[in-house]
Amino acid sequence: MTTSKPVSLEDLVKKIKSSPNISRAGMILCHNGIVRDFSRTGEKKVHSLSVKVDKAQVESVKSWAMSQPGMVAVEIEALEGTFHVGDDLLFVALAGDIRENVFAVMRELIEKIKTTCVSKTEFCE
């Protein structure tokens, strides 16, 4: 695995918990995206994946997430490089006031990251 820098979901949670506004949070929700061994359509067996990340766009969607109702802190690490089945690709952690707000923002944030921040090339058998 080749990544832009070593990171973990625990690192993001620590950053979230050090937010000056963490006392306003009622929950932290985390996402850990990994490489699966089949294409999204399920038609091909994947053995590796190359990922490029638009860091400026990541900052843009992070700002969007922070502007949503109830959000207290947002951390995103989209890893760049070549990855194999089971490798980590994306870490997202959100802190917010109530679960209805946090779940809704997480779902939309993941979609925004996938569609505007990362480009992937699958290498199949």
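Helix H2 (residues 55–66) packs against helix H3 (residues 99–117) at an angle of about 160°, the two axes lying 10 Å apart. Because angles over 145 degrees count as roughly antiparallel, H2 is roughly antiparallel to H3. The crossing of H2 and H3 is right-handed. These descriptions, like those that follow, refer to a predicted model. On the H2 side, the contact is made by Gln57, Val58, Val61, Trp64 and Ala65, whereas H3 contributes Val105, Glu108, Leu109, Lys112, Ile113, Thr116 and Cys117. By residue class, the contact of H2 with H3 comprises eight nonpolar, two polar and two charged residues.

Threonine 116, which is found in helix H3, is among the residues that make this contact. When residues up to four places away in sequence are not counted, threonine 116 touches Gln57 and Val61, both of which belong to the H2 side of the contact. With glutamine 57, the side chain of threonine 116 forms a side-chain to side-chain polar contact of 3.5 Å. The side chain of threonine 116 also reaches the backbone oxygen of lysine 112, at 2.6 Å, and Lys112 is itself listed among the H3 residues of the contact with H2. With a relative accessible area of 39%, threonine 116 is partly exposed, since this value falls between the 20% limit for buried residues and the 50% limit for exposed ones. The C-alpha atom of threonine 116 is separated by 18 Å from that of asparagine 32, a residue 84 positions apart from it along the chain.

Serine 39 is placed in the loop between strand E1 (27–34) and strand E2 (46–53). Its relative accessibility is 5%, and serine 39 therefore counts as buried. A polar atom of the serine 39 side chain lies 3.3 Å from the backbone nitrogen of glutamate 43. Once neighbours within four places in sequence are left aside, serine 39 is in contact with Lys44, Val46 and Glu122; of these residues, Val46 falls within the range of strand E2 (46–53).

Lysine 14 lies in helix H1 (residues 9–17). At 60% relative accessibility, lysine 14 counts as exposed, whereas serine 39 counts as buried. Between the C-alpha atoms of lysine 14 and alanine 93 the separation is 9.9 Å, although the two residues are 79 residues apart along the chain.

Key: Residues numbered from 1 in each chain as written. Predicted model: local features only at pLDDT ≥ 70, side-chain atom pairs only at ≥ 80, totals over all residues. Heavy atoms only, no water. Axes fitted to C-alpha atoms, helices over the stretch in contact; angles between N-to-C directions. Helix = DSSP H or I, 4+ residues; strand = E, 2+ residues; numbered from the N terminus. Parallel < 35°, antiparallel > 145°, perpendicular 65-115°, else oblique. Left-handed = near helix turned anticlockwise from the far one by under 90°. Contact = heavy atoms within 4.5 Å. Nonpolar A, V, L, I, M, F, W, Y, C, P; charged D, E, K, R; others polar. Buried < 20%, exposed > 50% of the residue type's maximum accessible area, 1.4 Å probe, protein only. Polar contact = N/O pair within 3.5 Å; in protein donor to acceptor, adjacent residues only side chain to side chain.
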